[in-house]
Amino acid sequence: MATVMSAYIEYLRDSSLVWSFQSYFGVVKLTKAATHSNGYEPSDSAVVEKNAETHARSRTKAETTLSSDETLSESDSGDGLYGEQSYMITNKFWYHLFCFGTALGDENFYTSFFPFWFWNIDGAVGRRVVMIWVIIMYIGQGLKDIICWPRPFSPPAVKLEKKWALEFGMPSTHAMVGLGVPFTILYYTMYRYEYPVFLGFILCLAWCVVVCLSRIYLGMHTVLDIIGGLLLTVILLALFLPFLDHLDHFQLTNSYSPIIIVGSILFLVIFYPSGPIWTPARGDTTIILGVGAGCSFGSWLNYKLKIIHGPPIPPPYKILWPTYEMVGLTLLRSCIGILIVVGTRAFFKSISYILVCWIFRLDPKDKENNQKTFVELSCKFITYAVIGFNVSYLSPAVFRFLTIERATMYTEV
């Protein structure tokens, strides 16, 4: 039984399975990947060892996504480990669909989706979704750096994306948020609003499926990475969903919740379970934790200042379908809020560096400071904590000042 299970796991990790999926949906290789001069394919350990060198050389380099040209080529971070693989996209529909799918699990999507949800839909559900997002991403990213399973970059699979190439693959955090975020929204809206729950389930399922399949299509994850991410998320949702209402009540009503929650998050940042090889995962996780800390503090301040309070009538509520005026106000709030977020990010990227250098008594003119892990993590945490605070508190305050606030936000406890 153990031998059969081991063989099945290796089958699900095989890059040939990834290539079969890619080729089925219209990826055609134009040239074969080069192998090592000694004629054997590198093992997983060789990939990990080579990745270590790549991470060390590429830490300061920005990764960019591929263009959607018909004929594309890829190489492993310029190190020539597998040589170049040129390929052609023969079905643009699947290519663009899966690019859209992977964007649903990307940081750019969540930096726009979460603020939009807070400002225009429902802050109570938004707070709970952010908590699940933080929990899922911290555990998923940490496990990646502990397990250290390489992505399926070995032939015959083709790498269609480079953005997350320096991170490990198991579990797929795209799959985790692709399952966790939409189904958390479904869980907390199905009894809160009157709408066809079955249609909501179908939408959430489609969201999850397209995100998961996109990661295989783009060559960023094996099938086992996806399965591992989904199973882990099911366990985490089963463990945490029943307690999120209590945690949200605590973060809003307890006088010491900012100290306790922000302190706990800082503890998680400091004691992040880093593996033997540096990856960008720790920095990305610090950003997520910073957003969570800022949202928590902003929500607490809203409650303490009596800006938000309990609803006058219990749920479920009828969905208010938008009028032209509501659509206009939604667009106006979104534009103003995004300008605040973008301005905050630009301002605090510089200010946070100066502040960190002052705290740790470093010379801000010393360029080597940027290579120090504690400086990098501190700057990211401060910047994105302020962004999270602005999303949950400052932007709504600006909306109130301009009398364009969403009327229902005051009853979302």
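A crossing of two helices is left-handed if the near helix is turned anticlockwise from the far one by less than a right angle, and right-handed if clockwise. The model toured here is predicted: local features need pLDDT of at least 70, side-chain atom pairs count only at pLDDT 80 or more, and totals for chains, interfaces and linings use all residues. Residues are numbered from 1 along each chain as its sequence is written, and side-chain values use heavy atoms, with hydrogens and water left out.

Begin by colouring the chain by pLDDT, the predictor's confidence in each residue, from 0 to 100. The chain average is 81, and 85% of the residues score at least 70.

Next, select helix 8 (residues 197–217) and helix 9 (residues 223–240). Their axes (lines fitted to C-alpha atoms over the stretch in contact, with angles from 0 to 180 degrees between N-to-C directions) come within 9 Å and cross at roughly 150°. Helix 8 is therefore roughly antiparallel to helix 9, a term for angles over 145 degrees. Their crossing is right-handed. Display the side chains in contact (heavy atoms within 4.5 Å): Cys208, Cys212, Arg215 and Ile216 of helix 8 meet Val223, Ile226 and Leu230 of helix 9.

Finally, select Asp122 and Arg192, which form a salt bridge (a side-chain nitrogen of Lys or Arg within 4 Å of a carboxyl oxygen of Asp or Glu), with their closest N and O atoms 2.7 Å apart. The pair links distant parts of the chain, 70 residues apart.

How values were computed
Helices (H or I, at least four residues) and strands (E, at least two) are DSSP runs, numbered from the N terminus. Angles under 35 degrees count as roughly parallel, over 145 as roughly antiparallel, 65 to 115 as roughly perpendicular and the rest as oblique.
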